[in-house]
Amino acid sequence: MGLERRARMLAPFWAEHMQRTRSAQARWAVTTDFRGQWLTVLGAGRLLDFNRTVLLPRFANLQLVDADRLCLHVWKHLPKPVEPVSVDISGCVDKWLASLKKGKQQPWAETLETIRGKRAPQGSAYRAGGEAVLSLNVLSQLQIVWQDGVEEYLQKRFGHDFVKSHELEWLDALRPAGQTLVEQHLAALERAAPTYVLLITDVEYLEYKGVPYQADHWAPPPVEWTEEDGWCAETEVDCEVSPALEGVALNADTFAEWMPSYRLTWQESWLWHIAPLGTGPEQYGKVHRVGAFALEAREQNARAD
Ligand SMILES: C[S@@+](CC[C@H](N)C(=O)[O-])C[C@H]1O[C@@H](n2cnc3c(N)ncnc32)[C@H](O)[C@@H]1O
């Protein structure tokens, strides 16, 4: 619901991201010889960024997957048979947070050690059915949900001010688990063995100060990104970039390691000015860099060749 509200409020700023997300799906659809059976959408949500116009006619059935049960009412209205799946696709985050809340109350250092010791086990992530799988702006969310849940737990136990003043310590303790969430998402795509995968996810976050915006008045973001030069900012802009996926760069080597049965066929990248400075309570603005990665089973390539 928060997402829908923000999408409405910041519609002029989000439009390009929504359009690029849908056009990546259109490119996938027109360049792929789907057999027309099942499409699974991971992180389907309210289908705000799903390209129903091009994808629905190409598949007989849809499996829609999201942790948020409130999406079910949106999915009911699609003109295709839908298998709805309400599940935590990480297979871990919900369990980790529940075990923290139910577990023995430990002092600060031990609590952080418990958090630091979490690892997504092999085979824990949700294995999608379907000939084609679309992972739709959900991968980076796994770590965010984990981080938000831990922050809430720590604030209740140790108080807001203490947690704020020890932010670097607890953020650092989240890292090992965060990395395994990303790795196991890729491993689950490999195990599910669809013929085609389109993975769309945030890959970098940029926070900036210096240029204010108004929610209802579109203006370009204060930074650009190109494949050749990376990030480029206006001179008055002070900014900081961090990876969206802990310890994992999405490139050919990473896919070769975690999805060895797949070949990366194309990729695209664009910016999402998700929180322009001045449109929310934060003292900084936020831009995400999003990547779309199309992968195809190697066996399928051999058949096509
Ligand atoms: C940024 S939204 C993507 C937009 C979404 N496709 C839409 O149109 O509403 C991320 C989606 O991932 C879902 N999500 C986040 N963590 C999840 C998890 N661990 N398992 C399943 N779904 C998750 C959220 O409920 C949300 O719907």
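Helix α7, residues 139-158, supplies three residues to the shell around the ligand, the largest share of that shell. The model is a predicted one. In total, 21 residues surround the ligand, and the closest are G43, G45, L48, A67 and D68. By residue type, the shell divides into 11 nonpolar, five polar and five charged residues.

An α-helix has 3.6 residues a turn, so residues three or four places apart point the same way. The buried residues of α7 are L139, S140, Q141, L142, Q143, W146, V150 and L154. The elements that cover these buried residues include the helices α5 (93-102), α6 (108-116), α8 (160-165) and α9, together with β4 and β5. Directly after α7 comes G159, whose phi is positive, near 95 degrees.

Most residues other than glycine have a negative phi. N137 has a positive phi of about 55 degrees although it is not a glycine. Is N137 buried or exposed? N137 counts as buried because 24 C-beta neighbours lie inside 10 Å, and the cut-off for a buried residue is 20 or more.

A193 also has a positive phi of about 55 degrees, and A193 is not a glycine either. This residue, A193, lies in the loop between α9 (167-192) and β5 (196-209). Here the count of C-beta neighbours inside 10 Å is 15, so A193 counts as partly exposed.

Which strands pair with β4? Strand β1 (residues 38-42) pairs with β4 in the parallel sense over four bridges, and L39 stands opposite A132 in β4. The pairing of β4 with β5 is also in the parallel sense, over five bridges. In β5, V197 is the bridge partner of V133.

The next topic is the nonpolar core. The largest nonpolar core has 67 residues, and V41 and L198 touch the most other members. Apart from its neighbours within four places in sequence, L198 is in contact with A24, Q25, W28, L134, A292 and A294.

With 13 other C-beta atoms within 10 Å, K95 is partly exposed. A last pair of residues gives a sense of distance. K95 and W258 are 163 residues apart in sequence, and their C-alpha atoms are 24 Å apart in space.

Terms used:
Residues are numbered from 1 along each chain as its sequence is written. This is a predicted model: local features need pLDDT of at least 70, side-chain atom pairs count only at pLDDT 80 or more; totals for chains, interfaces and linings use all residues. A residue is near a molecule or strand if its C-beta atom, placed from the backbone, lies within 6 Å of it. Helices (H or I, at least four residues) and strands (E, at least two) are DSSP runs, numbered from the N terminus. Ala, Val, Leu, Ile, Met, Phe, Trp, Tyr, Cys and Pro count as nonpolar, Asp, Glu, Lys and Arg as charged, and the others, Gly among them, as polar. A residue is buried if 20 or more other C-beta atoms lie within 10 Å of its own, exposed if 12 or fewer, and partly exposed in between; C-beta atoms are placed from the backbone. A nonpolar core is a set of buried Ala, Val, Leu, Ile, Met, Phe, Trp, Tyr and Cys residues joined through C-beta atoms within 7 Å. Two residues are in contact if their C-beta atoms, placed from the backbone, lie within 7 Å. Two strands pair if DSSP finds at least two bridges between them.
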